Amino acid sequence: MECKQVTRLAVPKTYKLYIGGKFPRSESGRTYEVLSKKGAFLANAALASRKDARDAVVAARAALAGWSGATGYNRGQVLYRIAELLEGRREQFAEELISSEGLTKAAAAKQVDTAIDAWVWYAGWADKYVQVAGNGNPVSGPYFNLSTPEPTGVVAIVAPQSGESLLGLVAVVAPAILAGNTVVVVASESAPLAAINLSEVLATSDVPGGVVNILTGSPKEIAPWLAGHADVNALDLAGAEGLDWVYLQVIAADTLKRVLPPVTGAPAPSLERIVAFTETKTVWHTKSLI
Amino acid sequence: MTEIVKKSSFLDYAPAPESTSILHLQKSYGLFIDGSFVKGHGKAFQTISPATEKTIAEIANASAKDVDTAVAAARRAYDRTWSKLSGADRGKYLFRIARLVQERARELAVAESLDNGKPIKESRDVDVPLVAAWFFYYAGWADKLDYAGLGPNPRALGVAAQVIPWNFPLLMLAWKVAPALAAGNTVVIKPAETTPLSALIFAEILQQAELPDGVVNIITGAGDTGQALVNHPDVNKVAFTGSTAVGRAIAKSVAGTGKKVTLELGGKAANIVFDDAPIDQAVEGIVNGIFFNQGHVCCAGSRLLVQENIHDEVVDRLKTRLSTLRLGDPLDKNTDIGAINSREQLDRIRELSDIGEKEGADRWTADCVIPDKGFWFAPTIFDNVSTSSTIAREEVFGPVLSVLTFRTPAEAIAKANNTPYGLSAGIWSDKGSKILAVADQLRAGVIWANTFNRFDPASPFGGYKESGYGREGGRHGLAAYLESAGWSASK
């Protein structure tokens with residue numbers, strides 16, 4: 001069909017939360033305006049509430065058994081699938097970064113490509129980190145003795161807040177989920193749209209619902225509820241530099257959560273970030289005397 | 001059954017106490033700071049034998065000022081000597097220490113049993129040999145840190161503040177000091193208030209090893225001393241073994257300081273016995289699991305989960321076996337159950353046991369003679385314990401076993417994991433595939449299959465969830481005392 005109109009009226013997207021594989025609005029009914037770097041209106045994002053955070057933890061907990069029980073090979077393929085689908089939407093993500101972060105075309109493309117490559121790098125670790133971080137132990141006695149890392153459980157994450165809204169999110173979510181953890185992540189407050197766009201990729205990449213739950217809104221408001229939540233096992237304060245993160249660490253200590261401190265920018269891919277949210281299990285088994 | 005056992009003669013042993021003449025104890029001990037014993041500025045206290053309540057020695061109490069002095073000594077030693085030594089030389093000092101522990105093993109075992117109340121057969125055959133093994137194992141790591149799995153050239157952290165409990169006094173010291181020194185850190189360590197003796201003899205060993213002054217400082221005192229130590233601004237690392245309540249307080253107090261922390265806290269381990277288990281071995285394992293060291297073990301198998309169809313048989317056999325345990329003089333070579341470490345702990349065990357009874361569990365206590373003096377608690381089993389019962393949820397830290405039943409592996413796993421703790425667990429079955437499947441599902445850091453309470457310097461130990469974080473032992477134990485110099489993705 002030939003279009004004779006000079007301009008076509010665009011169909012804007014409604015940006016919602018991503019909880020348990022679904023896209024609900026905030027139960028509070030609240031939204032906040034997301035502006036471009038130049039101050040233009042981009043969207044109304046959901047302003048997640050304490051209840052949304054708790055719902056997200058419930059979803060993450062429910063997804064944990066299935067995800068942590070999947071084979072490393074399977075999780076690796078799912079992570080690789082995320083990279084594949086992100087690759088197919090490079091242009092869209094780059095364009096959105098240009099408007100939301102005010103990047104040049106080249107810088108936006110580079111951020112998207114780096115994020116895709118991070119998924120690929122981490123995908124390859126899923127069936128290897130156990131070998132590298134675990135080992136057999138030569139104990140003095142007739143015992144088989146093996147140490148292996150296992151996922152810590154539900155990880156709450158404050159995504160990097162300054163710049164690199166896509167890469168920052170990927171840099172903290174990928175290492176946590178590859179090991180089999182499920183996550184509740186609070187996206188960049190000022191540039192949350194990349195996070196919700198990413199959730200559309202996740203939803204179509206065979207990532208089971210609830211493995212990644214994304215909240216948009218105020219980290220200052222939501223993070224304390226996650227830090228103090230008794231069903232959260234670990235807390236990544238990567239993007240909490242501007243918050244009272246010491247207080248968050250203090251309330252996380254009530255249930256002895258594993259805590260990673262704030263970092264500047266998007267953390268580089270590292271095995272250290274994978275192992276940070278694992279627990280080493282050591283199994284002893286007797287050997288019979290023959 | 002109890003009657004028959006009591007009348008039989010094979011249990012009548014003549015006393016066979018280990019002589020204390022091997023000890024050369026001082027009347028009073030100072031703080032070991034910068035290579036020598038110095039006076040403490042707090043009010044000195046007595047350490048007593050929990051078996052007799054007699055005073056062993058007077059112990060100095062470190063004030064906040066003494067903590068300052070000790071940390072300053074450790075910092076100086078780190079800056080001027082220890083960080084400048086080669087890994088090979090650090091290793092040689094640790095090898096020396098291991099050998100000296102072996103040479104003075106009997107003396108250390110007697111001191112430990114005297115001060116702690118644990119049976120000499122345990123201090124002699126478990127605690128002290130493991131202490132030597134721990135130093136020997138980590139000695140070899142000191143010049144091989146590049147292979148510790150943290151990338152090339154991992155760095156020491158600096159000064160480590162270490163606070164240890166009273167249940168395995170010298171062994172906990174070894175778990176803390178050996179990896180810290182191998183990794184290149186210097187140490188200020190505080191033994192528990194009720195069990196400082198073996199650490200002070202260990203200080204003499206450090207002098208004999210000619211370990212440079214200030215590399216290890218041993219300060220005695222109570223909780224406030226420990227608090228001052230972990231909160232000292234000039235320590236880089238905090239390592240604590242003890243209760244979850246104190247661990248939580250430490251995690252809060254060091255929040256935001258950047259100090260690296262490892263916590264080895266409480267537990268409420270499930271010991272799961274399936275109906276296809278070798279029952280004789282399982283009964284021995286249950287006994288070892290909860291009555292080893294009077295149950296003063298954070299990883300003790302304090303919840304027996306027994307498959308319903310073998311419940312009666314297992315509990316009957318357990319009672320028979322417990323009736324043969326000999327309770328009494330910790331220094332006697334025939335003693336199986338020694339003294340409870342302190343009056344305070346005894347009160348706690350009594351209180352929780354009374355609650356267990358009030359909440360409806362069936363209490364059974366081995367019939368044994370309790371000495372007049374000292375702190376004692378006879379081996380006790382609570383049967384028909386519900387999952388909501390206090391004694392099924394809280395750590396008793398004494399010779400008290402709660403018995404619960406299950407029907408399916410899924411139920412056993414759900415019950416085993418139904419606790420905020422996650423330190424250890426036991427599985428008894430002759431079926432290897434079942435053991436591995438169950439082990440996969442248990443949320444605990446150490447799992448013993450067809451055995452229990454095994455420890456080895458090569459084997460990482462530590463908990464999930466509220467049992468703390470970090471590992472002690474093995475290659476993983478080094479990570480607690482090292483900083484990676486970079487582990488990023490290579491491009």
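**Helix H5 of chain B**

I looked up helix H5 of chain B, residues 120-141, in this predicted model. At 1.5 Å a residue, its 22 residues should span 32 Å, and I find the end C-alpha atoms 31 Å apart, which agrees. I then checked how covered the helix is: 17 of the 22 residues in H5(B) are buried, so I note H5(B) as mostly covered.

**Helix H7 of chain B**

I repeated the length check on helix H7 of chain B, residues 197-208. I listed the buried positions of H7(B): B:Leu197, B:Ser198, B:Ala199, B:Leu200, B:Ile201, B:Phe202, B:Ala203 and B:Leu206. Just after H7(B) I noted B:Glu210, which has a positive phi of about 55°.

**Chain B as a whole**

I counted the elements of chain B and have 16 helices and 20 strands. The radius of gyration of chain B is 22 Å, close to the 23 Å that the globule rule gives for 491 residues, so I record the chain as being as compact as a globular protein of that length. Along the principal axes, the C-alpha trace of chain B spans about 65 × 65 × 35 Å. Of the 491 residues in chain B, 60% are buried. I also looked at the contacts in chain B with a separation of 6 or more, and 73% of them join residues 24 or more positions apart.

**Helices H1 and H8 of chain A**

I moved to chain A and took the pair H1 (residues 50-69) and H8 (residues 219-228). Their axes are 9 Å apart and meet at an angle of about 40°. That angle makes H1(A) oblique to H8(A). The contact is made by A:Arg50, A:Ala53 and A:Arg54 on the H1(A) side, and by A:Ile222, A:Trp225 and A:Leu226 on the H8(A) side. For handedness I have a right-handed crossing of H1(A) past H8(A).

**A:Ser162**

Where is A:Ser162 placed? I find A:Ser162 in the loop between strand S5 (154-158) and helix H6 (165-178) of chain A.

Terms used
Residues numbered from 1 in each chain as written. Chains lettered and ligands numbered in written order. Predicted model: local features only at pLDDT ≥ 70, side-chain atom pairs only at ≥ 80, totals over all residues. Helix = DSSP H or I, 4+ residues; strand = E, 2+ residues; numbered from the N terminus. Expected span 1.5 Å × (residues − 1). Buried ≥ 20, exposed ≤ 12 C-beta atoms within 10 Å, placed from the backbone. Rg over C-alpha atoms; globule rule 2.2 N^0.38 Å. Contact = placed C-beta atoms within 7 Å. Axes fitted to C-alpha atoms, helices over the stretch in contact; angles between N-to-C directions. Parallel < 35°, antiparallel > 145°, perpendicular 65-115°, else oblique. Left-handed = near helix turned anticlockwise from the far one by under 90°.
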